[in-house]
Number of protein chains: 2
Amino acid sequence: MRAEIIAVGTELLLGQVVNTNATFLSEELASLGFEVYYHTVVGDNSDRLETVLKLADTRSDLVVLCGGLGPTEDDLTKQVVAKHVGKTLVRDEAGYQKLQRFFEKREQPMTENNLLQALIIEGGTGLANRTGLAVGIFYQAPTVNYLLLPGPPNELKPMVYEQAIPLLKKQFIQEEQLISRVLRFYGIGESRLVTELKDLIDKQTNPTVAPYAKPNEVTLRLTVKCTTASEGQQLLDELEQVIMNRVGEFFYGYGETNSLANVVVDLLKDQQKTVTAAESLTAGLFQATLGSIAGVSAVFPGGFVTYTAATKHAFLGIDEALLQSKGTVSRECVEAMAQHARNLAQTDYALAFSGVAGPDTIEGQEVGTVWIALASEEGTQTIRQFIPRNRQSIRENAVMTGLDLLRKQLLKKQ
Amino acid sequence: MRAEIIAVGTELLLGQVVNTNATFLSEELASLGFEVYYHTVVGDNSDRLETVLKLADTRSDLVVLCGGLGPTEDDLTKQVVAKHVGKTLVRDEAGYQKLQRFFEKREQPMTENNLLQALIIEGGTGLANRTGLAVGIFYQAPTVNYLLLPGPPNELKPMVYEQAIPLLKKQFIQEEQLISRVLRFYGIGESRLVTELKDLIDKQTNPTVAPYAKPNEVTLRLTVKCTTASEGQQLLDELEQVIMNRVGEFFYGYGETNSLANVVVDLLKDQQKTVTAAESLTAGLFQATLGSIAGVSAVFPGGFVTYTAATKHAFLGIDEALLQSKGTVSRECVEAMAQHARNLAQTDYALAFSGVAGPDTIEGQEVGTVWIALASEEGTQTIRQFIPRNRQSIRENAVMTGLDLLRKQLLKKQ
């Protein structure tokens, strides 16, 4: 089944509002087994909307429209769709009563234009709007189905979850199921991952393999069509095994909303270990990344941002002679930072970051030079990286590398 | 001039990524005087992209495509556009050299597919990618112009600002000049700002006023059509004055790429003052935000992340009795954090953050409770906020509030 999404609203075309509705609807439609091939945004204009509807009819089984159901002059979605399918608009009794109650409670007269919100396409189904006034509409034409939803996300989402999804399930109920699994990788670029898995991606039919480049990492989404969940999971297991044999060393976790920081915090919690940090280059970004995860205080008591030689000495007690002779961007400095931070915070692990984020060089070292150290009871591991990119990328990349270094160390202990 | 935006990427149709590029490009195109009538999203599929291109040719003077310029199998935007206009792909010498240097520095072999990133449409103009590897392309066909941009926003935005906008200005804006000025506001919501300026927005002709809600702030873009720059600047000055009389207390700076952190760092530099921080709630996010600004080490030597009561005592020397009796989420604690941090770092200013980011309450205090203190030689200012939102919003909002508190203090000294 093919679906497409048409968002109606001039504010979207002016760049005043982000089209998050299309993203939300796409995910929900995919989970129902729809193939979404197009998103369109069109302004509050009858002719252009009619043009878009004509095109949609030629290529989709389900056309989802959002926006333009309100009471203002601009709102014309249902009028245009009604004309397009050759029907009139009629009153939705439940929607009309809700509208009446709303104005009675406020002791305001209901102006004529407000009535628009309770109208639906003749022969269609009204969808109640729990958090707003404009009713939604599901209308079945001979070859195309139309779903009309309100634009505000806080009205659209409840209507989708409570009204539209049950209705679409009933209407389009499928023998086939669709199951997805997301694998996450760090330390391998999208292009190399795709090269390693080229034959799998090329010959894919069922399951399919789709790579996604995310900031500083890559994900693979495996999707299978199946008649039973257990059959689907088995097919995914088999494909995952083939993938792991080739690039398993870069795999760190499952799930669309997972992250390297999340995996590291979970490992620390499982092993009842703690971590601190001393950050120069990254200036708190490593710790802020840990802080984004709920419940992290159980494994992370705090740490240091030592951006200058003076604070490396004052906060961490690093020998001024070392800072002078070796420089702050050096193996010796970053190792001392990690070791001193670990002692001060009395944690199991400590990470330290030093380097040159640019645009200027430091101590004659090139922009992109990064030193990372991990101190533990077994000693200190140090890595040097060269990331010749922009300031933000260098810092984000260093944080990810630090997380991955700690993750690998923690995995050795399992 | 009519423009439309085509975003290419199956991840958008699966709902894995929000199409923020379309929003960004719409705002920039509007400021150049383009009328954007359509956004389209299409997957990584040659036939469907070709269909969309044919349609775009019939209705737009400028077709902006984003995404699909990378090195993977999925990336086919430039191949499809080249075929559509009947041209081949040729090497962009500058882009090729950047690619070579990138792989040489990393001491990795450059795989064949990577070369794709340095190809442009024969007869087109290559647009350098300062923050990535895939070059952009501007191609002029007899009746339509095509602009091809990379998908990652951190590559697309610099390319638009530095390469595409100057090029489009030269190409499309001849007699008339178009000048924009962006005013940035913190501490006022979009709906209130629009209400305060309703008459200006409603009656706008030249200059125009467009409000944009950004994360944690609002911007106003004033755009004027004029024959000379000085005439244009004068019209903008007059309009700005009217706006400032109404909402000037919330204004903090100019410019599309400016930020509250940037303004604060500039003020500190101008006044030769320094700042440190002690962060609980925000766990390093305030310092990482400062760290994102080049040259910040002149005014920010470092600071502390004290996520637990133990580190508030150990790192900052806060009295355990105070922590016990008043709690860590309290006026007394956050004031002590700021004062102790200022003494330890020997800075002019110190900010401290404590609060409840959720999902769990702390010491019986509600999620969203935030305390922020600013210590200086004149004493300590403290504010309490209640931000009943999600974890990330609470932390980001606290950082912005801290920056604004420091900004206002610095302005008093000017």
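1. Is A:Q272 buried or exposed? In this predicted model, A:Q272 is exposed, with a relative accessible area of 72%, and its place is in the loop between helix 11 (260-271) and strand 13 (275-279) of chain A. Its phi is near 50°, a positive value in a residue other than glycine. Such a value deserves a second look, because most residues other than glycine have a negative phi.

2. B:Q346 sits in the loop between helix 14 (331-345) and strand 15 of chain B, and at 71% relative accessibility it counts as exposed.

3. A cis peptide bond joins A:N206 and A:P207, with omega about 0°, and A:P207 is found in the loop between helix 9 (198-202) and strand 10 (208-214) of chain A. In chain B, a cis peptide bond joins B:G358 and B:P359, with omega about 5°, and B:P359 belongs to the loop between strand 15 (349-355) and strand 16 (369-376).

4. Over all chains, 31 salt bridges are found. One of them is between the side chains of B:R221 and B:E27, at 3.4 Å from N to O. B:R221 lies in strand 11 (residues 217-226) and B:E27 in helix 2 (residues 20-31) of chain B, so this pair ties together parts that are 194 residues apart in sequence. B:R221 counts as buried at 6% relative accessibility, and B:E27 counts as buried at 5%.

5. B:R221 has a further partner, B:E256, with the closest N and O atoms 2.9 Å apart. Because B:E256 lies in the loop between strand 12 (251-254) and helix 10 (260-271) while B:R221 lies in strand 11, the pair ties together parts of chain B that are 35 residues apart in sequence. B:E27, B:E28, B:R221 and B:E256 are linked in a network of salt bridges.

6. The side chains of B:R181 and B:E240 also meet in a salt bridge, at 2.6 Å from N to O. B:R181 is in strand 9 (residues 177-185) and B:E240 in helix 9 (residues 229-247) of chain B, so the pair ties together parts that are 59 residues apart in sequence. B:R181 is buried at 13% relative accessibility, and B:E240 is buried with a relative accessible area of 9%.

7. Finally, the cysteines: the count comes to 0 disulfides over all chains. A:C333 counts as buried at 0% relative accessibility, and B:C226 is buried with a relative accessible area of 3%.

Notes. Residues are numbered from 1 along each chain as its sequence is written. Chains are lettered from A and ligands numbered from 1 in the order in which they are written. This is a predicted model: local features need pLDDT of at least 70, side-chain atom pairs count only at pLDDT 80 or more; totals for chains, interfaces and linings use all residues. Side-chain values use heavy atoms; hydrogens and water are left out. A disulfide is a pair of cysteine sulfur atoms within 2.5 Å. Buried means under 20% relative accessible area, exposed over 50%, partly exposed in between (1.4 Å probe, protein chains only). Helices (H or I, at least four residues) and strands (E, at least two) are DSSP runs, numbered from the N terminus. A salt bridge is a side-chain nitrogen of Lys or Arg within 4 Å of a carboxyl oxygen of Asp or Glu.
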